[in-house]
Amino acid sequence: MRILVVAALLVAAPLAAAPTPEAVTVKVNGLVCDFCARSIEAMMKKRGDVAGVHVDLDKGEVHLRLKADAKLDDPTLTKLIVDSGYSVTGIERKPL
Amino acid sequence: MRFAFAALCAALVATPVAARPVSWPGGVTLMQELDPIMASALLHYTPNRHISLGGRYLRMREERWQLSGAQATWLVNRWNMPGAQANLYVAGMAGAAWADGRTARPGGFVEAQADWENRRVMVMGMARLTHAQGFGTTDMQTVRLGWAPYAGGYGDAHLWLFAQARRDSGSRDEVQPAFVARLFYRTMLLEAGVTDRGGLVLNSIFRF
């Protein structure tokens, strides 16, 4: 029994620590124009850890799909959005 | 609303009609304008979100002289609001001016541009002061009021309709009202219009 428990822990531990991909919603002010919002897509595509970008002009939100090994923290993300020409009002993350 | 009023005031005192003359960091933009007063092409690079640097060719169609040189555009300030955005830009260009068969002389312009927009309404204004040795000094102002018939989503083709007025002190027909339609899709923007005297307005912007 003890061997089974140890074996289960050995198998489960790496799985629990394995990075999971994230969905990030960035709430943005000034997001009114598709032509200009292309800057966000251009900036995000420079990063290898962003798998997908979508902009919701109606809600003023940027939706990102991050890869499992992404290292895109909130300050870096905020800087990318600000460099794209917009102001960040909130960031929400959830695992995919 | 305050910013809309400020943009309108800026327009009245003084614009081209370029959408966002500063792009994203690392972005390259090609802008072209044609109307009865002038023809212009600008290729610029944006090193950071405040500045773009490039080269412009400008032909004054009625005055029959040309200007070519380097241009810098500074995004002085951007106001990002919930559901709206406003911008103030200042630009300067320096280079050589010439007419057919004449020696090139120093020339350039300074320009201020302001805009305010939400998803359905846009106000833009621009004022430019151009000087070229041997050709004198002219001032030009453009004002635009735009309306989008629908609020397109991300990735849709977007349509805007503009009422425009442009005045050029060097032009015989001093104020030229025009109706301009703008269509843009992703990073391509095309404008076509007509002035009150049947002159063609044709502008485009391509971002890379």
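How many residues lie between S11(B) and S12(B) in their hairpin, and which residue in the turn has a positive phi? Point 1 takes this up, and please keep in mind throughout that the model is predicted.

1. The S11(B)–S12(B) hairpin has four residues between its strands, and the turn residue with the positive phi, about 85°, is B:Gly198. The two strands run antiparallel and are joined by seven bridges; S12 of chain B covers residues 200-207. Within S12(B), B:Phe206 is the bridge partner of B:Met188.

2. On its other pairing, S11(B) is joined to strand S10 of chain B, residues 175-185, by eight bridges, again in an antiparallel arrangement. This hairpin has two residues between the strands, and B:Arg186 takes a positive phi near 55° there. B:Met188 in S11(B) stands opposite B:Tyr185.

3. B:Leu189, B:Glu191, B:Gly193 and B:Thr195 make up the covered face, while B:Met188, B:Leu190, B:Ala192 and B:Val194 are on the uncovered one.

4. Turning to chain A, you will find three helices and four strands, in the order α-β-α-β-β-α-β along the sequence. Chain A has 96 residues, of which 29% count as buried. If you take its contacts between residues at least 6 apart in sequence, 64% join residues at least 24 apart.

5. The largest nonpolar core contains 22 residues, and A:Leu31, A:Ala37, A:Ile40, A:Val55, A:Val62 and A:Ile81 have the most contacts inside it. At least two core residues come from each of S1 (22-29), H2, S2, S3 (61-66) and H3 (74-83) of chain A, with H2(A) giving the most, five residues.

6. Another core, of twelve residues, lies apart from the largest one and includes B:Val123, B:Met126, B:Phe162 and B:Val180.

7. Finally, the interface: 23 residues of chain A are in contact with 27 residues of chain B. On the chain A side, helix H2 (34-45) and strand S2 (50-56) each supply at least two residues, and H2(A) gives the most, with eight. That side of chain A has ten nonpolar, eight polar and five charged residues.

Key: Residues are numbered from 1 along each chain as its sequence is written. Chains are lettered from A and ligands numbered from 1 in the order in which they are written. This is a predicted model: local features need pLDDT of at least 70, side-chain atom pairs count only at pLDDT 80 or more; totals for chains, interfaces and linings use all residues. Two residues are in contact if their C-beta atoms, placed from the backbone, lie within 7 Å. Ala, Val, Leu, Ile, Met, Phe, Trp, Tyr, Cys and Pro count as nonpolar, Asp, Glu, Lys and Arg as charged, and the others, Gly among them, as polar. A nonpolar core is a set of buried Ala, Val, Leu, Ile, Met, Phe, Trp, Tyr and Cys residues joined through C-beta atoms within 7 Å. A residue is buried if 20 or more other C-beta atoms lie within 10 Å of its own, exposed if 12 or fewer, and partly exposed in between; C-beta atoms are placed from the backbone. Two strands pair if DSSP finds at least two bridges between them.
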